[in-house]
Each structure stands twice: as C-alpha cells, then as structure tokens.
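Take a look at the chain below. This report covers its cores, its helix packing and the confidence of the model.

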Amino acid sequence: FYRVLGAEAHFLGDGIRRCYEARALKPPQYGYSDDALISRRQILQAACETLANPSSKREYNKGLADETILTDVPWDNVPGALCVLQEAGEDELVLEIGESLLKERLPKSFKQDVVLAMALSYVEISRDTMALSPPDYIKGCELLERALKLLQEEGASSLAPDLQAQIDETLEEINPRYVLELLALPLDDERRMEGLQGVRNILWAVGGGGAAAVAGGFTREDFMNEAYLRMTAAEQVELFVATPGNIPAESFEVYGVALALVAQAFMDKKPHLIQDADNLFQQLQQIKVEIDFALERGLCSLLVGEVDECRSWLGLNNENSHYRDPSITTFVMENSLPGLCKLLETWLVFPRFRETTDVQFRLVDYYDDPVVLRYLERLASPLAAAAAIARIGAVKIGAIKALQKVFPAAVKIMCGGVVVGLLTLAGLKLMPPRMDARLAESLVRKWQTIKSQALGPDHCHEKLSEILDGQMLKIWQERAIEIGEHSWFWDYSLLNITIDSVTISLDGGLAVVEATLEESAPENNDSTYTTRYEMAGWKITKGA
C-alpha cells in the first residue's frame, strides 16, 4: 500500500491523503478501460483508508513486519491491480502475472488492460537498461520490440496508439546505437548478422552525403566510421559491393574499402585484390585533388612486386615529380633493402578492421606464400624483389626511430584511426615507370609543349631529344630547323587531351598510345585530331 500510494511509513494521515489525491487525480496516460480505472481507484482508496487511520495503520504495519499481509484482489479488479503495480515500479511482477494471465481465455477488454500494463512495464525496464553505464542498447531495443509486438498482436490496432507511436520513435532514434552494439559482439555471435543488415538499412535509407543526418545524432560519416571499427575487412568490402548504385559512396568510404582490400589481400594471401584497391585509390586521386594518394598506390605496387612502379609513385625516379617528398627520398637513399622492408612492416597496420587489430604484419609471410608467388609470376612481376623481401633480416632500433622522424603523424588520412605508411626499395637499377593512361597523358602533354616551342617564334628545338627518339626525333629536328631557316612559325595552344587507349607489349618495354587532341589557333583555326604514338624507353619513336 505504501508503494501503491508513493508514501513513506512515517507519513501521518494528512500526508497519506495527499499522496492518494495526487495519484487519484492523475490517471494513467494511456488507454486503460473504464473498469480498470475504477478498480485502480478502489485499490488506491483502500490503501488510503488503511494507512490514514492510525489503528488500521498499526495493524497493517504489524502484518508487514510479520510478513502475514495478504490482500485479496477480486478477479474483476485484477487489471486495476496490475495498473497500480506498474505505476509503483513493480514491473517484473507485472510481467510475471501478465504472462500467466495471457495463457487464459480472457475477455477482450480485460486482456487489453493486461497487455497495456505489461507493455508499459517493458518500456520502463528498457529505460532503466539504457540508463546504465554503459547503456545496454541491445536489451533496451529487445524490450521495446516486445512491448510493441504485444500491443500489436495481443492487443488491438487501436490499443494505445500514442504509446505505439512513441515506441516506434524511440526505436528509430536508438537504432544506430543498437546496430553498433550488435556489430561489437564477438565475431561468432549470430546476432551480428542482424547488425550487418542494420548497417545496410541505415546507409541505404539515409542516401548520399557524408553530412546527411542519421537518427541518434549521427551524420552518415560519423555512423559509418563507428560501424567500420566494428566490422571485418571482408564485411566492409561486401557492404560496398552490395550498396545500390543510386547511393554513391563518400570518399572516406571508398578509402576505407580500398584499405580493406589491401588488408584482405595481405591476410588471406589474395594478391589479386591489390588491383581492386589500386583502382579505388586511382578514383580518389581523380576526385580528391588536394591529396595525391601516392603512398597508397606505391604500397599497392610493392605488394605485387612492382618495385620500380613503387619508386615512381614516390617520385624517386624523377626529380621533378610532384609526388616527390625530400624527406622520404633522403631516407630511402640512406637505407638498404632489408632495412626498408622491415620498416615497412611497422607502418603497414590496419587498426580499422576487427580481425587485424592485434595482428603483426610480416612481409616474409606474404611473399613466401606459394599463392602469392604464383600470382606474381603470372603478372611477370620482379620475383627477385619478392624473394629479397622474403629474406628480410633484423633491423636496428635506431633505423626505426629514424623512419618515424621521416614519416610524420600526418600520414593518418581521412579515416579516424587509420594509419598507412609506405617505404620503398633503394639501390636498384632505375627503369622507366610502368606505362598507364596517366603516364601516357603526361608524355603526350610534354611532347605538345616541346613541339610548340620548337615550331614557335623562338625556334627552340634543343629539347626535342627529351621526348623523341629514333626516326621521330630525326624527322622533327629536320622540320624544326627548316622552319627556323625560313623564319616561319606556328602559333597555337593545347586545349585538351584524351587518352583513348594504351597498348603495352608483353615485356612492358613498348607501348602504343592513341590520343585525341584539341588545339586552338588564331583566326578560329581550332582543330581536333587523333594521333597514334609508338613509345620505347618512354620516348616517342613513331607517330601518325
């Protein structure tokens, strides 16, 4: 009776009556039947009459002390009793009695009152659960879902619609945190599958834009970064592949998936995934002009044994390369191959993925794997470099400290907690970088610049040998000299270049590049034409 009224044992009669009036004048918020509300009032009134009278209060208190108090509740008053018990915070008791009652055949109104009391108890317990430190969102969501299911299935569609709406709203608000808790469960827990599906549902519902709002105060970027920390590399790749094309991936998501592919390739000895990762880094290069991603692309090159391409990405083969970092260059030139490779392991870390958090990466394990070596062989990659990497020896601590000075903490790129460092190999023979569309375009642009200087008013043909060789060099030298002798010149500027195709020989030493060029000239003499260049040693040897 004290708990039903919200009273204390030391309250006098006036205090007891004030507690009664406060309860009686404030009926439950949600829709109990009139019969339940009448029985509720009767129980409150009986409690008030018992405790407000000094004589009956002494007898009641004695019974409490002796644990002999037993208050009979008539059957018709049971819904009202459950209502006051729920209001008094006896939620576990309400659920226990309610589950027993629902096994019986109950009148409709009686049953709805029982269901409503149980649903409110589920809601209260869920609030307590989510108020813990740390909150238990999994249990809280499960309790709210039980309440909603109970109202919808055991009650009726019209039973407490406001309560159903509030439960729906709460579930939507806490759903992101519920999903994150599911993802944080052990990897072998089957409930994680619901979490993975939940990530898809949230991502696909919110659509594009890293700043787009997700429920619970998250932006899309905030939520996805939290989710990634709880997912494996394979799960991140699967999510990326499964996302519909009408929901474009944000840059931070593309970057994370590229790293996931590298981690998968390294952990599972699947070097073919490196090309997929490199393709994503290339896409980022095209859209994130303020970041060159040369470190990442060099890492991809190194993991498939392309040592010279790795050097090219770091600008080690070209003093004018905009990828060149003087501190990296100096460090590379001062250290030997085994030392550099060993230091690479200290920077090849993936704390972003669940299965790699505590893994120590060893290049020897990767390059010694027969699957990796067979793949490199099919690519005609420099297996000698891979074999050298597999024979990595010990490295002095001083060298590692030196590396940490060379690569500042700024190598943390775009995604919280992700650190990817890259070292390359030194002391090997300098060779032309691997031909691709990017390199082909730079060579054609260089040729067009030198050609305009040779045929322009200054007749500067000395640089032709920097880009031309063989018959092509001979033809254009003669042409430039003849034009200069006649004091002729061409005045035009390059507007645009499109590389249409790049065909590379099996040994990688020859290439045929087809390109479409747009040029402007005085008096509306603009032109667009297609050219074909044959290249060797990455100079143009023939053209048409």
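## Leucine 163 and the largest core

In this predicted model, leucine 163 is in contact with Tyr30, Leu116, Ala119, Leu120, Val123 and Leu151, leaving aside its neighbours within four places in sequence. Leu163 belongs to the largest nonpolar core, which has 40 residues. Leu163 is among the residues with the most contacts inside this core.

Helix 7 gives the largest share, 12 residues. There is also a second, separate core of 34 residues. Val237, Tyr367, Val372 and Tyr375 are included in this second core. As a general point, nonpolar side chains tend to be buried together in soluble globular proteins.

## Helix 9 against helix 10

Helix 9 also packs with helix 10 (residues 192–206). The angle is about 140 degrees, and the axes are 8 Å apart. An angle over 145 degrees would count as roughly antiparallel. Helix 9 and helix 10 are therefore oblique to each other. The crossing of helix 9 past helix 10 is left-handed.

On the helix 9 side, the meeting residues are Asn175, Pro176, Tyr178, Val179, Leu182 and Leu183. On the helix 10 side, they are Arg192, Glu194, Gly195, Leu196, Gly198, Val199 and Ile202.

## Arginine 192

Arginine 192 is found in helix 10. Is arginine 192 buried or exposed? Its relative accessibility is 3%, so arginine 192 counts as buried. The cut-off for buried is under 20%.

Arginine 192 has contacts beyond its neighbours within four places in sequence. They include Leu182 and Leu183, which lie in helix 9. Leu185, Pro186, Leu187, Arg230, Met231, Glu235 and Arg354 are in contact with arginine 192 too.

## Helix 3 against helix 4

Helix 3 (residues 34–52) packs with helix 4 (residues 54–66) at an angle of about 100 degrees. Their axes are 5 Å apart. Helix 3 and helix 4 are therefore roughly perpendicular to each other. Helix 3 makes the contact through Glu49, Thr50, Leu51 and Ala52. Helix 4 uses Pro54, Ser56, Lys57 and Tyr60.

## Confidence

The mean pLDDT of the chain is 80. A pLDDT of 70 or more is reached by 83% of its residues. Over residues 390–431, pLDDT stays under 50. For these residues the model has 104 contacts beyond four places in sequence. Where pLDDT is low, the predicted coordinates should not be read in detail.

Notes. Residues numbered from 1 in each chain as written. Heavy atoms only, no water. pLDDT = per-residue confidence, 0-100. Contact = heavy atoms within 4.5 Å. Core = buried A, V, L, I, M, F, W, Y, C linked by side-chain atoms within 4.5 Å. Buried < 20%, exposed > 50% of the residue type's maximum accessible area, 1.4 Å probe, protein only. Helix = DSSP H or I, 4+ residues; strand = E, 2+ residues; numbered from the N terminus. Axes fitted to C-alpha atoms, helices over the stretch in contact; angles between N-to-C directions. Parallel < 35°, antiparallel > 145°, perpendicular 65-115°, else oblique. Left-handed = near helix turned anticlockwise from the far one by under 90°.
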